[in-house]
Amino acid sequence: MKAVVLAGGYATRLWPITEHRPKMFLPVGDNTVIDEIFEDLEADDRVDEVFVSTNERFADTFDEYLAESPFEKPTLSVEETVAEDEKFGVVGALEQLVDREDVDDDLIVVAGDNMISFDLGDFADFFESKGTPTLAAYDVEDRERAKSYGLVELDGDEVVNFQEKPDDPKSTLVSIACYAFPAETLPDLSTYLSDGNNPDEPGWFLQWLQERGAVHAYTFDGAWFDIGTADSYLDAVEYALDGGTLVADDATVEGSDLGDVVHVMSGATVTDSTLDRSVVFPNGTITDSDVRNSVIDKGVTLEGVDLSGALIGSYTSITRGDDF
């Protein structure tokens with residue numbers, strides 16, 4: 001069995017935090033999102049290789065990261081894009097990777113920005129028991145939120161209908177970006193694309209497969225975070241910290257009030273300030289400030305400011321009088 005971790009997006013909704021950093025490397029507690037995925041795949045003896053699919057812009061970053069990581073299975077597979085408008089779409093990128101890497105085994109595919117509470121080994125068990133294309137599904141319990149995803153209707157654990165980003169959701173059970181494909185279905189990627197079908201949303205491909213044969217859904221309780229916005233990232237941090245705070249051993253916090261869901265990283269200094277639901281990256285300096293619902297990148301200096309719902313890029317300096 002092979003695995004693909006999709007990491008080719010540009011995360012423009014999280015800029016400037018992710019302008020020069022893949023969002024999969026954003027810290028969630030003591031770990032990163034992609035490390036959680038790597039750990040599951042590393043522990044599964046059925047998976048003998050993990051392809052990390054990324055773009056040319058982030059290729060060097062991933063190459064350096066993997067070289068220094070403890071994981072042995074991941075290898076880099078680079079799609080030839082450097083900007084959002086050049087992307088092949090998820091299905092298009094997957095088809096190219098299968099061809100580029102000559103993949104002819106059963107394949108697990110998971111988005112690198114997916115933070116999930118189930119073990120990918122359990123998902124692989126379910127997939128092997130069914131022997132069909134398989135997706136993971138989660139009940140978001142909110143019809144407005146469900147409009148942003150592909151919805152699935154089940155008969156038992158078999159998928160009988162799809163709705164891709166519907167205006168009027170029939171349910172709140174959504175397909176998350178975690179799939180498994182038997183080896184014999186991989187050529188269907190080329191057939192699907194050559195017929196002019198949607199190259200971007202995987203839900204359309206799963207619907208196309210479901211119209212031709214059985215597709216099953218692995219449903220789970222617990223937690224799932226699709227880290228695409230500042231709010232969803234902070235939600236994931238809240239889950240990882242169990243609603244508490246985390247201050248690095250070599251960070252300095254003096255005369256400050258740290259509320260719920262605050263992560264202050266290595267080398268950062270927080271003085272005479274109030275922080276709530278915020279992340280402060282390494283070597284930042286926050287003095288006499290009120291920071292809420294914000295992500296403060298590395299090396300940032302804040303002095304005498306009031307921030308709410310802000311994304312502050314690295315090495316920025318904001319002083320008194322600049323309110324957000």
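Reader: Which glutamate forms a salt bridge with lysine 147?
Author: This is a predicted model. In it, the closest N and O atoms of the pair are 3.2 Å apart. A salt bridge needs the nitrogen within 4 Å of a carboxyl oxygen, so the pair qualifies. The partner of lysine 147 is glutamate 144.

Reader: Is glutamate 144 buried or exposed?
Author: Exposed means over 50% relative accessible area. Lysine 147 has 30%, so lysine 147 counts as partly exposed. Glutamate 144 has a relative accessible area of 54%, so glutamate 144 is exposed.

Reader: How many salt bridges does the count come to?
Author: The pair of lysine 147 and glutamate 144 is a salt bridge. Aspartate 113 and lysine 23 form a salt bridge too. By this rule the count comes to 15.

Reader: How many residues apart are aspartate 113 and lysine 23?
Author: Their closest N and O atoms are 2.7 Å apart. Both residues are buried. Aspartate 113 sits in the loop between S6 and S7, and lysine 23 in the loop between S1 and strand S2 (27-28). These are distant parts of the chain, and the separation is 90 residues.

Reader: Which helix does the salt bridge of arginine 46 with glutamate 128 tie to the loop between H1 and S4?
Author: The closest N and O atoms of this pair are 3.0 Å apart. Arginine 46 lies in the loop, so the bridge ties together parts that are 82 residues apart in sequence. Glutamate 128 lies in helix H4.

Reader: Which residues are linked with Arg46 and Glu128 in a network of salt bridges?
Author: Arginine 46 is partly exposed at 25% relative accessibility. Glutamate 128 is partly exposed as well, at 44%. The network also takes in Asp44 and Asp125.

Reader: Which residue caps the N-terminal end of H4?
Author: Helix H4 covers residues 120-130. At its N-terminal end, a side-chain oxygen lies 2.6 Å from the backbone nitrogen of glycine 121. Just after H4, glycine 131 takes a positive phi of about 70°. The cap is aspartate 119.

Reader: What covers the buried residues of H4?
Author: The buried residues in H4 are Leu120, Gly121, Phe123, Ala124, Phe126 and Phe127. Residues three or four places apart in an α-helix point the same way, because there are 3.6 residues a turn. The cover includes helix H1 (33-43) and strands S6, S7, S8, S11 and S12.

Reader: Which element gives the most to the largest nonpolar core?
Author: This core has 39 residues, and Phe118, Ile176 and Trp224 touch the most other members. Among the elements that each supply at least two residues are strand S1 (2-6), helix H2 (59-68) and S11. The top contributor, with five residues, is H4.

Reader: Which tryptophan is in contact with isoleucine 176?
Author: Neighbours within four places in sequence are left aside. Isoleucine 176 is then in contact with residues including Asn114, Ile116, Phe118, Ala136, Tyr138 and Phe220.

Reader: Is histidine 263 buried or exposed?
Author: Histidine 263 lies in strand S17 (residues 262-264). Histidine 263 touches residues including Gly29, Leu241, Leu246 and Val280. Its relative accessible area is 7%, so histidine 263 is buried.

Notes: Residues numbered from 1 in each chain as written. Predicted model: local features only at pLDDT ≥ 70, side-chain atom pairs only at ≥ 80, totals over all residues. Heavy atoms only, no water. Helix = DSSP H or I, 4+ residues; strand = E, 2+ residues; numbered from the N terminus. Buried < 20%, exposed > 50% of the residue type's maximum accessible area, 1.4 Å probe, protein only. Contact = heavy atoms within 4.5 Å. Polar contact = N/O pair within 3.5 Å; in protein donor to acceptor, adjacent residues only side chain to side chain. Core = buried A, V, L, I, M, F, W, Y, C linked by side-chain atoms within 4.5 Å. Salt bridge = Lys/Arg side-chain N within 4 Å of Asp/Glu carboxyl O.
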